[in-house]
Amino acid sequence: MLPPAPAATIAFNSPNACNICHKDKTPQWADETVRKWRNRDYQASVIHRAGLINAARTRDWSKLPEMLDYVTSKDRDEIFATSLIRLVQAAGDPRVVPALLKAIKDPSPLMRSAAATALQNVPTEKSVLALVEAAGDDYRLVRVRAAASLAGYQNLPPTDTDKKKVEAANNEYLASIMSRPDQWESHYNLGNYYLDRRDFKQAVDSYEKALKMEPRGVLAMVNEAMAYARMGENQKANEALQKALKVAPDNAAANFNMGLLKAEQNDLVTAEKHLRAALKSDPQMAQAAYNLCVILAKDRLDEAVDFCRQAADIRPDVPRYAFTLAFYRQQRGDFPGAASILDGLITKYPGYADAYVLLGAIYEKQGKKAEAEGVYNRGLSLEGMPDQYKVRMKARLEALKLADTDTGKR
């Protein structure tokens, strides 16, 4: 139980205990009254925490460092910290990962379980090892969340102890899913488990059981379509998505998957319609904006650039979106804008090889020989640069030298 916080009502329009009874009074009156009762501003911590939650909900990531500091602080409130762990994943920022790795070792099992769920989207060796360790946690909630996140990983640490630990947690997870076999959500979640494990036939069987119990289960229809598509059965995928859209015409996931399916079938007009519908329903769906960019680039380049910019703004952690934006901007003749994006991309993701090749080519088109050579040499000096990119960059450097020699002869 928290003390009344009318200041939160003023700031965030949330209810407070004072005005629930004193309905004839304003939150300002309540705020003035409680401040007379206490010299200490006990509302300040509430406002601070609520401000971080509100910023995360509205995707104001300018406060992300404060959010992560709060999650890892020894004075954190576990309820607020857990809420932040669940929300900050949407930032797509690499700074979130160290906070999650710390949170999965927090004394609070609630925070550990939330971190275990969040680490499903962080396919690194450290995160997998942290999840394997969490699979042996003292609390079942943490164990089953870790098992759920590990379901999609095929190559886990090979030690017998780890295998037994993960297998035991996995069995608990399956038991928790099917603890209520008479509910359609149980079979839907079991289908998701099989989908993660790439057992598509079992996934379809589970989704079908869910839909027999709840014929309007749109999520089951959408995921069943994904399973069919991965099996190469596009007609059945189409039928499942048509059923979903009949039940929920504005469903973002159904429209997005239908858009991808139609694009794969080269029905670009229908694909565009569904991708636009998906983005309208969920303006934060970067994948829909990106695919609209690719589809429209052939004959509506300006509009395509706008969609690429939207995708890159929503998900700055996906370098492919920024690269594609730069590619189409240079196609439009905006060489300085494209170069600026690529330079930032290389700084943030130095291993993104395509960015070096395109940036060097743009500098060449602008007649900026020294800048082009600098980019190619920078790429060649990078440890781990794939050989095929090294060959291309070396070839361009040789071409630039030959051009200089030819110019000198003339």
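**Arg59 sits in the loop between helix H4 (43-57) and H5.** Helices here are DSSP runs of H or I with at least four residues, strands are E runs of at least two, and both are numbered from the N terminus. The model is predicted: local features need pLDDT of at least 70 and side-chain atom pairs pLDDT 80 or more, while totals for chains, interfaces and linings use all residues. Residues are numbered from 1 along each chain as its sequence is written, and side-chain values use heavy atoms, without hydrogens or water. Arg59 has a phi near 60 degrees, a positive value in a residue that is not glycine. The relative accessibility of Arg59 is 37%, so this residue counts as partly exposed (buried is under 20% relative accessible area, exposed over 50%, partly exposed in between, with a 1.4 Å probe and protein chains only).

The C-alpha trace spans about 90 × 60 × 50 Å along its principal axes. Of the 410 residues in the chain, 45% are buried. Contacts (heavy atoms within 4.5 Å) between residues at least 6 apart in sequence include 51% that join residues at least 24 apart.

**Helix H8 (residues 109-118) is mostly covered.** Seven of the 10 residues of H8 are buried. These are Met111, Arg112, Ser113, Ala114, Ala115, Ala116 and Ala118. The cover over the buried residues of H8 includes helix H5 (64-72), helix H6 (78-88) and helix H7 (96-103). Helix H9 (125-134) and helix H10 (140-150) are also among the elements that cover them.

**Helices H12 and H14 (residues 218-230) pack with their axes 10 Å apart, at an angle of about 25 degrees.** This angle makes H12 roughly parallel to H14. Axes are lines fitted to C-alpha atoms, for helices over the stretch in contact, and angles run from 0 to 180 degrees between N-to-C directions. Angles under 35 degrees count as roughly parallel, over 145 as roughly antiparallel, 65 to 115 as roughly perpendicular and the rest as oblique. H12 and H14 cross in a left-handed sense (the near helix is turned anticlockwise from the far one by less than a right angle; clockwise is right-handed). H12 contributes Trp184, Tyr188, Asn192 and Leu195 to the contact, and H14 contributes Leu219, Ala220, Asn223, Met226, Ala227 and Arg230. By class, the residues of the contact between H12 and H14 are seven nonpolar, two polar and one charged (Ala, Val, Leu, Ile, Met, Phe, Trp, Tyr, Cys and Pro are nonpolar, Asp, Glu, Lys and Arg charged, and the others, Gly among them, polar).

**Asn192 of helix H12 (residues 184-196) has a side-chain partner in Asn223.** The two side chains form a polar contact at 2.8 Å (N or O atoms within 3.5 Å; within protein, one must be able to donate a hydrogen and the other to accept it, and residues adjacent in sequence count only if both atoms are side-chain atoms). With a relative accessibility of 18%, Asn192 counts as buried. Apart from residues up to four places away in sequence, Asn192 touches Tyr207 and Asn223.

**Helices H16 (residues 252-264) and H18 (residues 286-296) come within 11 Å of each other, axis to axis.** The two axes cross at roughly 25 degrees, and H16 and H18 are therefore roughly parallel to each other. Their crossing is left-handed. On the H16 side the residues are Phe256, Leu260 and Ala263, which meet Gln287, Ala288, Asn291 and Ile295 of H18. The contact of H16 with H18 comprises five nonpolar residues, two polar ones and no charged ones.

**Asn255 in helix H16 reaches the backbone oxygen of Pro249 with its side chain.** The distance is 2.9 Å. The relative accessible area of Asn255 is 3%, so the residue is buried. Not counting residues up to four places away in sequence, Asn255 touches Leu245, Pro249, Asp250, His274, Leu275, Ala277 and Ala278.

**Asn266 lies in the loop between H16 and helix H17 (268-281).** The phi of Asn266, a residue other than glycine, is positive, near 65 degrees. At 58% relative accessible area, Asn266 is exposed.

**Leu325 lies in helix H20 (residues 319-331).** Leu325 has a relative accessible area of 6% and is buried. Leaving aside neighbours within four places in sequence, Leu325 is in contact with Val305, Cys308, Arg309, Ala312 and Ile341. Asp41 is 284 residues from Leu325 along the chain, and their C-alpha atoms are separated by 48 Å.
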